[in-house]
Amino acid sequence: MKRQVLVFDTTLRDGEQSPGVSLTPAEKLEIARQLARLRVDVIEAGFPVASSGDFDAVKAIAREVTGPVICALARANPGDVDLAGQALSGAARARIHTFIASSDVHMKFKLRKEPAEVVEAAVAAVRSARRYTPDVEFSAEDATRSNPEFLRRLFQAVLEAGATTINVPDTVGYSTPREFAGLIRHLRESVPGIENAVLSVHCHDDLGLAAANSLAAIEAGAGQVECTINGIGERAGNASLEEIVMALKVRGEALGAGTNVAADQIYRSSRLVAALTGMPVPANKAVVGANAFAHESGIHQDGVLKEPTTYEIMRPEDVGMPASRLVLGKHSGRHALRERLAALGYRLSEGELKRVFARFKETADRKKHITDADLEAIVGNEALKEPATWSLERFQVLTGNQALPTAAVSLSGEGRTVQGAACGDGPVDALLKAVENAVGVDFELREYSLKAVTGGKDALGEAVVRVERDGAVYSGRGVSTDVLEASVRAYLQAVNRWLAGTPSRPASPRGGGGDDPCGDL
Ligand code: KIV
Ligand code: ZN
């Protein structure tokens, strides 16, 4: 029997640290439910000290998602650990994951701490985490650039303090497979007590080596691998869950290990994360990209038709890629929509389905065929929408190369209708200013992006905005065949989030990140 490696998914924590990504608590809960269907062993649900939204998301996931261990991240200080413990209080199986940096460069410049103080803070954090749960993970941030002898000493100390999982992060994606495997072997041989703990690895992809490093560490005896769906995460991202799981499935004999993951849920998980984070999966992405199973060359097509294994080392159905790409149109009913959404991995409540169906019909009136990608964009934008104060009734824009762009909007909410008009540098600028005038607010536009969801002249456009007010950031996303409508919908979602007091990022971390001895988030 093959050794089973634990899969620790950090899509909702490290993945959410991807530049430009910010998920609401409802979106995080939806992803966590899918991760449970995927049968990952551990879900790192968030970093409770980072924001009240993160705290609420961890709390909701801890209360509502069963199966995997639910984990929360905490820096090695009492405030962080207490908040993580509180957020996890409803979980059937809870883990606190505490960390502190161990490399010379981090200790000297970021933490401004002596090595002995770092050991002291780590030990204290592990001890206080043990007051909340017997399942405590400790990470030595930037482990691969740390002095191996100091790492050994630090790990021995936290194991004695009660850590049950020891994590070795390649925080800046610097290591190489042989070097990383050597470090794992060295730790297994030299840290007293490590045989009673789970030895975990956490690799970043700065040099494109995250999956290779993780697999090398597994071959060297690591018992847990940390990864994210679609490999999203800080900078170039984290090791990608689907690549590691499928490598262990397809090449398990060679690698000497396997996982408990339900591989046929991989595609749905990938689609859901792409839709909710707004981070599309590149077509050539291993395992889940649109071209991962597409054969273009005639020689390959001929081979696959004669015998699929000539060019296919795994089948699309192994990862749950739907066999049919059935498209829906304006005559499709609610039942067909629900079936298609279920095949894509979405299970919506009646209320959510009603909203999605309404947008689906509206879009189908303007666009002949609704593809999977269109549906995902609509669901991502509609299904998990929080209650909105203002809804778009209509808008009008006047623009041209000789005209001053001018816009007017009419919004409804709170039992009344408000209107606003404005001129701007361009049609989008005029439209967003008109919304501000209607609502009586003034935002700083930090980010605006627009992309086509699918190809073709009638493609759906997806607009994403990020606005700032009083130091807090509010994001919004809008989808429509009309890019101006997509933009105004996105802006309105951000306005509604401001009115509801649910920022994507608060002005600064709770618990005082600024002068915290453990450094910034
Ligand atoms: O990359 C890293 O070092 C981390 C730690 C918090 C585990 O994400
Ligand atoms: Zn990381």
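This is a predicted model: local features need pLDDT of at least 70, side-chain atom pairs count only at pLDDT 80 or more; totals for chains, interfaces and linings use all residues.
Two packed helices are described by the angle between their axes and the distance between the axes. In the model, helix α2, spanning residues 52-64, packs with helix α3, spanning residues 78-87, at an angle of about 40°, and the two axes lie 8 Å apart. This angle makes α2 oblique to α3. On the α2 side, the contact is formed by Phe55, Val58, Lys59 and Ala62, which meet Leu83, Gln86 and Ala87 of α3. Classified by residue type, the contact of α2 with α3 comprises 5 nonpolar, 1 polar and 1 charged residues.

The N-terminal end of α3 is capped by Asn77, a side-chain oxygen of which lies 3.1 Å from the backbone nitrogen of Gly79.

In soluble globular proteins, nonpolar side chains tend to be buried together. The largest nonpolar core of the model contains 128 residues, of which Phe138 and Phe155 touch the most other members. Beyond its neighbours within four places in sequence, Phe138 is in contact with Thr98, Phe99, Ile100, Ala122, Val126, Leu154, Phe155, Val158, Ala163, Thr165, Ile166 and Asn167. Another core, of 30 residues, lies apart from the largest one and includes Leu392, Val435, Val465 and Tyr474.

Strand β8 (residues 198-203) contains Ser200. Ser200 is buried, its relative accessible area being 0%. The side chain of Ser200 makes a polar contact of 2.9 Å with the side chain of Asn167. When residues up to four places away in sequence are not counted, Ser200 touches Glu137, Thr165, Ile166, Asn167, Val168, Gln224 and Glu226.

The loop between β8 and α8 (210-219) holds His204. With a relative accessibility of 4%, His204 counts as buried, because buried means under 20%. Two polar contacts of the His204 side chain were examined. One is with the side chain of His202, at 3.2 Å, and the other reaches the backbone oxygen of Gly237, at 3.2 Å. Neighbours within four places in sequence aside, the residues in contact with His204 are Asp14, Asp170, Thr171, Gly173, Ala210, Glu234, Arg235, Gly237 and Asn238. Between His204 and Gln86, which are 118 residues apart in sequence, the C-alpha to C-alpha separation is 29 Å.

Positive phi values were also examined. Arg39, although not a glycine, has a positive phi of about 65°, and is found in the loop between α1 (25-37) and β3 (42-46). Asp142 is likewise not a glycine and has a positive phi of about 60°. Asp142 belongs to the loop between β6 (136-141) and α6 (148-161), and counts as buried at 0% relative accessibility.

Arg315 is situated in the loop between α12 (298-306) and α13 (334-343). Arg315 is partly exposed, with a relative accessible area of 45%. Its side chain is joined to that of Asp318 by a polar contact of 2.8 Å. The C-alpha atom of Arg315 is separated by 50 Å from that of Ala430, a residue 115 positions away along the chain.

Conventions
Residues are numbered from 1 along each chain as its sequence is written. Chains are lettered from A and ligands numbered from 1 in the order in which they are written. Side-chain values use heavy atoms; hydrogens and water are left out. Axes are lines fitted to C-alpha atoms, for helices over the stretch in contact, and angles run from 0 to 180 degrees between N-to-C directions. Helices (H or I, at least four residues) and strands (E, at least two) are DSSP runs, numbered from the N terminus. Angles under 35 degrees count as roughly parallel, over 145 as roughly antiparallel, 65 to 115 as roughly perpendicular and the rest as oblique. Contact means heavy atoms within 4.5 Å. Ala, Val, Leu, Ile, Met, Phe, Trp, Tyr, Cys and Pro count as nonpolar, Asp, Glu, Lys and Arg as charged, and the others, Gly among them, as polar. A nonpolar core is a set of buried Ala, Val, Leu, Ile, Met, Phe, Trp, Tyr and Cys residues joined through side-chain atoms within 4.5 Å. Buried means under 20% relative accessible area, exposed over 50%, partly exposed in between (1.4 Å probe, protein chains only). A polar contact is a pair of N or O atoms within 3.5 Å; within protein, one must be able to donate a hydrogen and the other to accept it, and residues adjacent in sequence count only if both atoms are side-chain atoms.
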